[in-house]
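Me: I have a model open and want to go through its ligand sites. Can you take my questions one by one?

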Amino acid sequence: MIRLAAILLLSLLAACDSTEETIYHDQFIAFGTLIELSISGISTERGARVAGEIERQFQRWHRDWHAWEPGLLTQTNAQLATLQPFTLDPALRPLVTEANRLSRLSDGLFNPVLGKLIAIWGFQGNPLPAGVQPDPAAIKHWLANAPTVEDIDIEGSRIVSHNPQAAYDLGGFAKGYAVDRVIELLRGQGIENAIINAGGDLRAIGTHGNRPWRIGIRHPRREGILASIDSSGDTSIFTSGDYERLFEVDGQRFHHILDPRTGYPARGTSAVTVVYSSGAVADAAATALFVAGPHDWLRIARQMGIDRAMLVDSDGAIHMTPAMQAITRLAPDVDAEVLISGE
Ligand code: ADP
Ligand code: MG
């Protein structure tokens, strides 16, 4: 009898476990990257329905927010270039307003209106021929009248630019903004345990069964993981890395995160990871702290309200805030210098 009870109990536990552990996974391509959705404790049927809705949203955002494929943002940039006021489409208004706010908080190091500079560097689907660097004169010309979000006025639904060089490129921010909208959509459907992962940048809510979600952070210089973070509750983890998009000329590496003060790829950093509740803030901050570099990143982090951040400098040393250190486990094979600073 006792034996039977024990067996029953065991099978009950196993059943509980398997329902708790059931995770619905789906994936698709959008924003030029792999988007992966995981939802804990949901039927396949319902999961597929939700994933379909999210995929359709991503395709729409892709069309509306793309910096160079003709669509809403390219039309908006063309209108901005006329320096005449016009009505900003409601599909862009909150996105643009939030990008401008975060740019100000970052002292302009996250600069969403540097589209023309990104194009000069060939990172708008227009790669430069092999072995060619951008024309220094074009960069100098851009710098002479470098656009910032202060050149853009938004009042109600009206927008106007005062700088013909200002053009939005939301590549450093759109993924973060999108994952926030996805989480809103999931919560609106009563889903509380999920991860939306956009090419390694993600927002996780709730838990995975009764365990936290475990998130790996890619090593910037080799295959494998640099560190892992356990997340329960509501957390976005965003990384900006110099390995994402780059080209080499004469052994020199030119990557896609540009310093608006110099017009060249930011130096001194190879990767920054930011942990924060909102994905939009984490994404913009990761880009901004990357540009700020190992000497100024803490100041910009503070200004942006970020207390969990990690920067790998170009010598391989790992800088962390104390709050980041508290949630981060470095991979056992990492023996870099670790510097804890801030607060
Ligand atoms: P990752 O591609 O590693 O996720 P980011 O989030 O930093 O990195 O996004 C890089 C993209 O952001 C670039 O491809 C470009 O579109 C844009 N970008 C580059 N430099 C800046 C900058 N200083 N401020 C804002 N956006 C930038
Ligand atoms: Mg970013």
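Me: Which residues come nearest to ligand 1?
Reply: Ser-240, Arg-245, His-256, Leu-258 and Thr-287, out of 22 residues around ligand 1; a residue counts as near if one of its heavy atoms lies within 4 Å. This is a predicted model, where local features need pLDDT of at least 70 and side-chain atom pairs count only at pLDDT 80 or more, while totals for chains, interfaces and linings use all residues. Residues are numbered from 1 along each chain as its sequence is written, ligands are numbered from 1 in the order in which they are written, and side-chain values use heavy atoms, with hydrogens and water left out.

Me: What does His-256 contact with its polar side-chain atom?
Reply: An oxygen atom of ligand 1, at 2.8 Å. A polar contact here is a pair of N or O atoms within 3.5 Å.

Me: And how much of ligand 1 does the protein cover?
Reply: 97% of the 570 Å² of accessible area that ligand 1 has on its own, by the Shrake-Rupley method with a 1.4 Å probe.

Me: OK, metal next. What coordinates the magnesium ion?
Reply: Ligand 2, the magnesium ion, has Gly-172 (O), Asp-283 (O), Asp-283 (OD) and Thr-287 (OG1) at 2.0 to 2.5 Å. Donors are N, O and S atoms within 2.8 Å of the metal (3.2 Å for Na, K and Ca), and sites may look incomplete because water is not among the atoms.

Me: Where do Gly-172 and Asp-283 lie?
Reply: Gly-172 is in the loop between β5 (158–161) and α7 (174–188), and Asp-283 is in helix α8, so the pair ties together parts 111 residues apart in sequence. Elements are DSSP runs: helices (H or I) of at least four residues, strands (E) of at least two.

Definitions and conventions: A polar contact is a pair of N or O atoms within 3.5 Å; within protein, one must be able to donate a hydrogen and the other to accept it, and residues adjacent in sequence count only if both atoms are side-chain atoms.
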